[in-house]
Amino acid sequence: LYDAFVDTGAIEARGLAPVRSDLDYLENLKTLDDVAHAMGSVRMSTFGLYNIGVGVDDKNPDNYSVNLSQSGLGMPDRDYYLSDDPQIVKTREAYRKYLADMLALAGLNDPQARADRILAVETEIAKVSWTRADRRDEDKVYNPMPVSALKTLAPDFAWDAFLSEGHIPLARPDGSERYVIVAEKTAFGPLGTIFKNTPVSTWSDYLVVHYLHTFAAYLPKRFDDLDFSF
């Protein structure tokens with residue numbers, strides 16, 4: 001495995017061949033259910049509107065918990081999308097260029113327009129995301145609820161498709177309903193609305209560029225260099 005990682009000659013020669021099937025899958029999503037399946041993919045480590053993971057219940061340490069939190073931003077924080085600070089504006093323009101350059105390296109046509117659409121949807125995500133200060137409040141981000149309540153909280157998101165990718169049983173061993181712990185509770189509904197109102201083609205481009213970011217270190221040098229430079 002290590003030899004394969006350091007064999008840069010072979011990596012360059014193979015180009016995108018090792019990830020071609022994943023890219024083809026992401027580029028050919030047809031429905032919002034398809035998008036939710038892709039966002040929930042464990043194997044592809046894809047990126048989406050919600051983070052999901054298994055941890056230890058913060059207020060019941062004898063139990064494991066399924067934890068859900070807001071996600072979706074390629075830059076570190078909502079302020080990178082919303083602030084008028086000159087340095088932040090400069091970074092935002094650099095991010096726009098990064099998105100376009102990454103899409104161009106992937107061989108997609110009209111990368112600038114695609115990048116603009118990705119940045120636009122991430123800006124909408126930023127608008128409804130919680131601030132860092134609120135996310136540090138341990139009580140605010142502890143909202144246990146059954147999966148049925150999660151679906152009511154954010155009815156516009158395809159939860160069944162998303163959760164099925166993690167192979168997490170939705171019923172507990174005693175037959176009762178699975179509980180999840182939701183972090184930024186008031187952001188979940190608006191994030192679901194963004195999901196529903198965004199074209200599948202935009203989500204496809206969004207997933208492609210974030211997939212390439214995730215695996216840039218294992219791809220040809222031009223991807224790794226571009227990712228590192230931003």
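## Sheet edge and pairing

N143 stands opposite V182 in β4. This is a predicted model, in which local features need pLDDT of at least 70, side-chain atom pairs count only at pLDDT 80 or more, and totals for chains, interfaces and linings use all residues. Residues are numbered from 1 along each chain as its sequence is written, and side-chain values use heavy atoms, without hydrogens and water.

Strands β3 and β4 run antiparallel, joined by four bridges. Strands count as paired if DSSP finds at least two bridges between them. Helices (H or I, at least four residues) and strands (E, at least two) are DSSP runs, numbered from the N terminus.

## The four-stranded sheet

The open sheet has four strands in the order β1-β2-β4-β3, with mixed pairing. Its edge strands, β1 and β3 (143–146), each pair on one side only. From one strand to the next, the twist averages 35°.

Strand β1 (residues 50–56) runs antiparallel to β2, with seven bridges between them. G55 has S65 in β2 as its bridge partner. On β4 (residues 179–182), β2 pairs in the parallel sense over two bridges. There, N67 stands opposite I181 in β4. Strand β2 (residues 64–70) is largely enclosed by the rest of the structure, because five of its seven residues are buried (under 20% relative accessible area, 1.4 Å probe, protein chains only).

## Helix α11 against sheet and helix

Which strands does α11 touch as it packs on the sheet? Helix α11 touches β1, β2, β3 and β4, and its direction makes about 60° with that of β2. Contact means heavy atoms within 4.5 Å. Angles run from 0 to 180 degrees between N-to-C directions; axes are lines fitted to C-alpha atoms, for helices over the stretch in contact.

Helix α11 (residues 185–197) also packs with α7 (residues 111–128), at about 160° and with axes 9 Å apart. The two helices are therefore roughly antiparallel (over 145 degrees). V121, E124, I125 and V128 of α7 meet A187, P190, L191 and I194 of α11. By class, this contact has seven nonpolar, no polar and one charged residues. Nonpolar covers Ala, Val, Leu, Ile, Met, Phe, Trp, Tyr, Cys and Pro; charged covers Asp, Glu, Lys and Arg; the others, Gly among them, are polar.

## Helices α6 and α12

Helix α6 (residues 86–105) packs with α12 (residues 200–214) at about 90°, their axes 10 Å apart. That makes α6 roughly perpendicular to α12 (65 to 115 degrees). Helix α6 contributes Y95, Y98, L99, M102 and L103. Helix α12 brings D205, V208, V209, H210, L212 and H213. The contact has eight nonpolar, two polar and one charged residues.

Notes: Angles under 35 degrees count as roughly parallel, over 145 as roughly antiparallel, 65 to 115 as roughly perpendicular and the rest as oblique. Buried means under 20% relative accessible area, exposed over 50%, partly exposed in between (1.4 Å probe, protein chains only).
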